[in-house]
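Reader: Please take me through one part of this model in detail: the pockets. Then set them against the packing around them.

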Amino acid sequence: LGTVVGGKYEVLACIGEGGMGEVYRVRHVAMGKLMAMKVLLRHLSRHEQAVLRFGQEARAASQLRHPHVISVYDFGVTVYGELYIVMEYLQGKDLFDVLKECRVMGARRAVHVMRQVCAGLEAAHRRDVIHRDLKPENIFLCTDREFPDYVKILDFGIAKVGELGADP
């Protein structure tokens, strides 16, 4: 915390941890903009498959430009050799946590959420990107948007990227 990564991102707080990495709230030093930074867990950086998956996540998500898919802005390596992805900072909860709280989601709300999920997946499929790990933990419901339950699809770590999704 408090360090500057890549000469651009001041680390403010740890906001989450997953199987492959820790997620931090960071501030872009020059712009003052809040962002999220996912850092590959140090012990995984020695495993070729984990490194490949992490890079795949950055490449796959950065190819997608859709309101319901997380935006990825940067990818790099820290001075300590840790890989990181910088993406948009979201406020809210993932669908898994929402379902734990409400236990049953009403039909109208479920349709509202799933329409957005389908729109994001359709955009990914048009770019020949197949998520392959869609689950409630990877569907984020934002609370900082103009309408409730604004969906962002996360974690393209095991996505299949075809020719359209590859860099030109």
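Author: A definition comes before the pockets. On a 1 Å grid over the protein atoms alone, a pocket is an open set of points where a 1.4 Å probe fits, with protein on both sides within 12 Å along at least five of seven lines; a residue lines the pocket if it has an atom within 4 Å of a point. Points are joined across faces, edges and corners, and the volume is the space filled by probe spheres set on them. The second largest pocket holds about 340 Å³ of space. It is lined by 18 residues, and Thr3, Val5, Thr78, Tyr80 and Glu82 are the closest to its centre.

The model is predicted: local features need pLDDT of at least 70, side-chain atom pairs count only at pLDDT 80 or more, and totals for chains, interfaces and linings use all residues. Residues are numbered from 1 along each chain as its sequence is written, and side-chain values use heavy atoms, with hydrogens and water left out.

Strands and helices are DSSP runs (strands E, at least two residues; helices H or I, at least four), numbered from the N terminus. β1 (4-5), β3 and β4 each supply at least two residues to the lining of the second largest pocket. β4 gives the most, with three. By class, this lining has 12 nonpolar, three polar and three charged residues. Here Ala, Val, Leu, Ile, Met, Phe, Trp, Tyr, Cys and Pro count as nonpolar, Asp, Glu, Lys and Arg as charged, and the others, Gly among them, as polar.

Now the largest pocket. Its volume is about 780 Å³. It is lined by 29 residues; Gly16, Val23, Glu137, Phe140 and Leu154 lie nearest its centre. β2, β3 (21-28), β4 (34-40), α1 (48-62), β6 and β7 (92-94) each give two or more residues to this lining. Its classes are 10 nonpolar, seven polar and 12 charged.

Next, the packing. A nonpolar core is a set of buried Ala, Val, Leu, Ile, Met, Phe, Trp, Tyr and Cys residues joined through side-chain atoms within 4.5 Å. Buried means under 20% relative accessible area, exposed over 50%, and partly exposed in between (1.4 Å probe, protein chains only). The largest core has 36 residues, and Val117, Val129, Leu141, Val151 and Phe156 have the most contacts inside it. α1 gives the most to this core, with five residues. Apart from it lies another core of 10 residues, among them Val5, Val11, Tyr24 and Tyr84.

Tyr84 also belongs to an aromatic pair. Rings of Phe, Tyr and Trp (its six-membered ring) pair if their centres lie within 6.5 Å; planes under 30 degrees apart count as stacked, over 60 as edge-to-face and the rest as tilted. The count is three pairs. Tyr9 and Tyr84 are edge-to-face, at 6.4 Å centre to centre and 70° between the planes. Tyr9 sits in strand β2 (9-17) and Tyr84 in strand β6 (83-88), 75 residues apart. Both are buried. Phe147 and Tyr150 have centres 5.1 Å apart and planes at 65°, so this pair is edge-to-face too. Phe147 is partly exposed at 34%, while Tyr150 is buried at 12%.

Finally, Leu134. It lies in the loop between β8 (129-130) and β9. At 37% relative accessibility, Leu134 is partly exposed. Neighbours within four places in sequence aside, Leu134 is in contact (heavy atoms within 4.5 Å) with Val117, Leu121, Ile139 and Ile153. Leu134 and Val117 are 17 residues apart in sequence and 9.5 Å apart C-alpha to C-alpha.
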